Amino acid sequence: MLPSTLLEDLAFGRRIADYADNLGVRDAEIKVRAACDHLGAVLADAILQAGVRYRTVVRMRVERIHSQFPEAATMSGLILLLEQQGAAQFLLWRHPIKMSRFESLTQLLSKEQVSTTLELKVWLRRDDAREILLSLHGIGPKTYDYLCCLVGIDCIAVDRHVRTFAYEAGVSISDYQKLQSVVSCAADLLGIARRDFDAWIWRTVSERGVEDRQLSLL
């Protein structure tokens, strides 16, 4: 017999899966989320994404880093570039808090001898990686899981889009890891890779927001 917590996760997961099914997830073209191979772009993405509009603020910065700074794809190239021009110019960012977090994350991973996104993927799978990252000021569980998604590790990064989607499905859970477990269960029930389901939820909720804003202008 399954423990009550697992049964509860399964029941909530089924609720979210059914809601996604009703919205047409099985008929949708689920885009396989490509893993990024540019270390500087991955770290910038992970640090900048919190609390801002991704489409209009983060995406263009990440794409710029990827296209204009190929040398920053490795840790040695990234550190040299930061020494030459600074984090503000590299990120096109002025607020000191996120610049400080980016520099701290870069320094930590350099100390951990992470040189590429492939090495980052291996490092993130270490038993102590989550605890080490969470020891950095301003780095929470969502940033850790988001980094995992960016480099190709299959997981759910619980953000406001995931919380909104779960709430609409009738699942109101405040605890991060509990909600992550439930949404992961939903992805498994649907037979969709967790990181791809995460991306589908993000697109579904964010595109609805765009449509609502457009309607409000009519």
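Helix α2 is largely enclosed by the rest of the structure, because 10 of its 10 residues are buried. Buried here means under 20% relative accessible area, exposed means over 50%, and partly exposed lies in between, with a 1.4 Å probe and protein chains only. Helices (H or I, at least four residues) and strands (E, at least two) are DSSP runs, numbered from the N terminus.

A word on the model before going further. This is a predicted model, in which local features need pLDDT of at least 70 and side-chain atom pairs count only at pLDDT 80 or more, while totals for chains, interfaces and linings use all residues. Residues are numbered from 1 along each chain as its sequence is written, and side-chain values use heavy atoms, with hydrogens and water left out.

**Helix α2 and its partners**

The buried residues of α2 are L39, G40, A41, V42, L43, A44, D45, A46, I47 and L48. They pack against α3, α4, α5, α6 and α8.

How do α2 and α4 cross? The axes of α2 (residues 39-48) and α4 (residues 75-91) come within 11 Å and cross at roughly 40°. That makes α2 oblique to α4, since angles under 35 degrees count as roughly parallel, over 145 as roughly antiparallel, 65 to 115 as roughly perpendicular and the rest as oblique. Axes are lines fitted to C-alpha atoms, for helices over the stretch in contact, and the angles run from 0 to 180 degrees between N-to-C directions. The crossing of α2 and α4 is right-handed; in a right-handed crossing the near helix is turned clockwise from the far one by less than a right angle, and in a left-handed one anticlockwise. On the α2 side the contact (heavy atoms within 4.5 Å) is made by L39, G40, L43, A44 and L48, and on the α4 side by M75, L78, F90 and L91. Sorted by class, this contact has eight nonpolar, one polar and no charged residues. In this scheme Ala, Val, Leu, Ile, Met, Phe, Trp, Tyr, Cys and Pro count as nonpolar, Asp, Glu, Lys and Arg as charged, and the others, Gly among them, as polar.

With α8, helix α2 packs at an angle of about 145°, the axes being 9 Å apart. This crossing is right-handed. Helix α2 brings V42, L43, D45 and A46 to the contact, and α8 brings T143, Y146, L147, L150 and V151. By class, the contact of α2 with α8 has seven nonpolar, one polar and one charged residues.

V42 is found in helix α2 and counts as buried, at 1% relative accessibility. V42 and L150 are 108 residues apart along the chain, yet their C-alpha atoms are separated by 6.6 Å.

**The nonpolar cores**

A nonpolar core is a set of buried Ala, Val, Leu, Ile, Met, Phe, Trp, Tyr and Cys residues joined through side-chain atoms within 4.5 Å. The largest one has 46 residues, of which L43, F90, F102, L120, L124 and L133 touch the most other members. Two or more residues come from each of α2, α3, α4, α5 (96-111), α6 (117-124), α7 (129-134) and α8 (141-151). The largest share, eight residues, comes from α2. Apart from this core lies another, of 25 residues, among them I16, L179, A187 and I192.

F90 is in contact with G40, R64, I65, F69, A72, L78, L81, L82, Q85 and F102, leaving aside neighbours within four places in sequence.

**Individual residues**

| Residue | Relative accessibility | Class |
|---|---|---|
| D145 | 3% | buried |
| L92 | 32% | partly exposed |
| H66 | 38% | partly exposed |
| Q113 | 67% | exposed |

D145 sits in helix α8. Not counting residues up to four places away in sequence, D145 touches R130, C155, I156, A157, Y176 and Q180.

H66 belongs to helix α3 (residues 54-68). Beyond its neighbours within four places in sequence, H66 is in contact with C36, D37, H38 and A41.

Where are L92 and Q113? L92 is in the loop between α4 and α5, and Q113 is in the loop between α5 and α6. The phi of L92 is near 55°, a positive value in a residue other than glycine. For Q113, another residue other than glycine, phi is also positive, near 65°.
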